[in-house]
Amino acid sequence: LAQPTSPTLTWAVQPADEKGPDGRRWVEVALDPGQVVTEHLAVRNFSDGAVVFALKAADGYLTDKGRFNMLPSNRESVDGGTWIEVQETVTVGPRQTKVVPFTITVPRDATPGDHPAGIAATVTSSGGTVAVESRVGFRVMMRATGTVMAALAIGDVAARYERSWNPFSPGTVHVTYTATNDGNVAVTGSGRVAAAELFGLSEPDAPAAVEELMPGGSRTAE
């Protein structure tokens, strides 16, 4: 998630139990359709003054670089972000930590598989005519029970040969492809890319890895 823009205001948001941060990096739960559970988050204010934080949940996704993020406030959530209910604001005193409960309600018609979301504590600052939203949070990975399917499709394969500057050395084959998660759970993948000469005299190969992809997500790799 985005880091705070002001050097004078620093905070952290972590999964917690009723007493405080519990050591988890994110919340990961498997739930039945219709199930309701209560989780907790801890907002830690490292600053010298009290701060009013807005608490927000939204659908989660992976950026082009493979980093987890959540939808900005001007985009409406349609999936996992709508399953989370949390109070709108929390006031945290200087050098204090506040624990806040939040509720996850799984729709009765939820499709099986992963429904990623994020939850964050947000501060909005105004600079001239532009409002800047800074937020810190963590991912909430919710899996609705039922039949799950892990499926990774490879398409749009293209190869480009680059000659070596040394006429006595072989060139390099650059292969690009698009990996798409056709299943309903988050996946990663590994494999190998091989290239053969016209008569199959040599078959140099190289490892190919696919970083984490959310259901329906795709990424182009080389």
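# Briefing: a predicted all-strand chain

The protein chain exposes about 13,200 Å², and carbon and sulfur atoms supply 51% of that area. Accessible areas come from the Shrake-Rupley method with a 1.4 Å probe; for residues, only the protein chains shown count as cover. This is a predicted model, in which local features need pLDDT of at least 70, side-chain atom pairs count only at pLDDT 80 or more, and totals for chains, interfaces and linings use all residues. Residues are numbered from 1 along each chain as its sequence is written, and side-chain values use heavy atoms, with hydrogens and water left out.

**Overall make-up**

- The protein chain has 15 strands and zero helices. Both are DSSP runs numbered from the N terminus: helices are H or I, at least four residues, and strands are E, at least two.
- Of its 222 residues, 36% count as buried. Buried means under 20% relative accessible area, exposed over 50%, and partly exposed in between (1.4 Å probe, protein chains only).
- Take contacts between residues at least 6 apart in sequence: 68% join residues at least 24 apart. A contact means heavy atoms within 4.5 Å.

**The four-stranded sheet**

- Four strands form an open antiparallel sheet in the order β1-β3-β8-β6. Two strands pair if DSSP finds at least two bridges between them.
- β1 (11-16) and β6 (84-86) are the edge strands, each pairing on one side only.
- From one strand to the next, the twist averages 30°. Axes here are lines fitted to C-alpha atoms, for helices over the stretch in contact, and angles run from 0 to 180 degrees between N-to-C directions.
- Nine antiparallel bridges link β3 (residues 36-45) with β8 (residues 97-105). His40 has Pro101 in β8 as its bridge partner.

**The nonpolar core**

- The largest nonpolar core holds 31 residues; Phe53, Phe102 and Ile104 touch the most other members. Such a core is a set of buried Ala, Val, Leu, Ile, Met, Phe, Trp, Tyr and Cys residues joined through side-chain atoms within 4.5 Å.
- Strand β10 (residues 130-144) gives this core its largest share, five residues.
- Leaving aside neighbours within four places in sequence, Phe53 contacts residues including Trp11, Val43, Val90 and Val123.

**Arg95**

- Arg95 sits in the loop between β7 (89-92) and β8.
- Its phi is near 60°, a positive value in a residue other than glycine.
- Arg95 is exposed, with a relative accessible area of 57%.

**Confidence**

- The chain averages a pLDDT of 83, and 80% of the residues score at least 70. pLDDT is the predictor's confidence in each residue, from 0 to 100.
- Residues 1-6 have pLDDT below 50, and this stretch has 20 contacts in the model beyond near neighbours in sequence.
- Where pLDDT is low, the predicted coordinates should not be read in detail.
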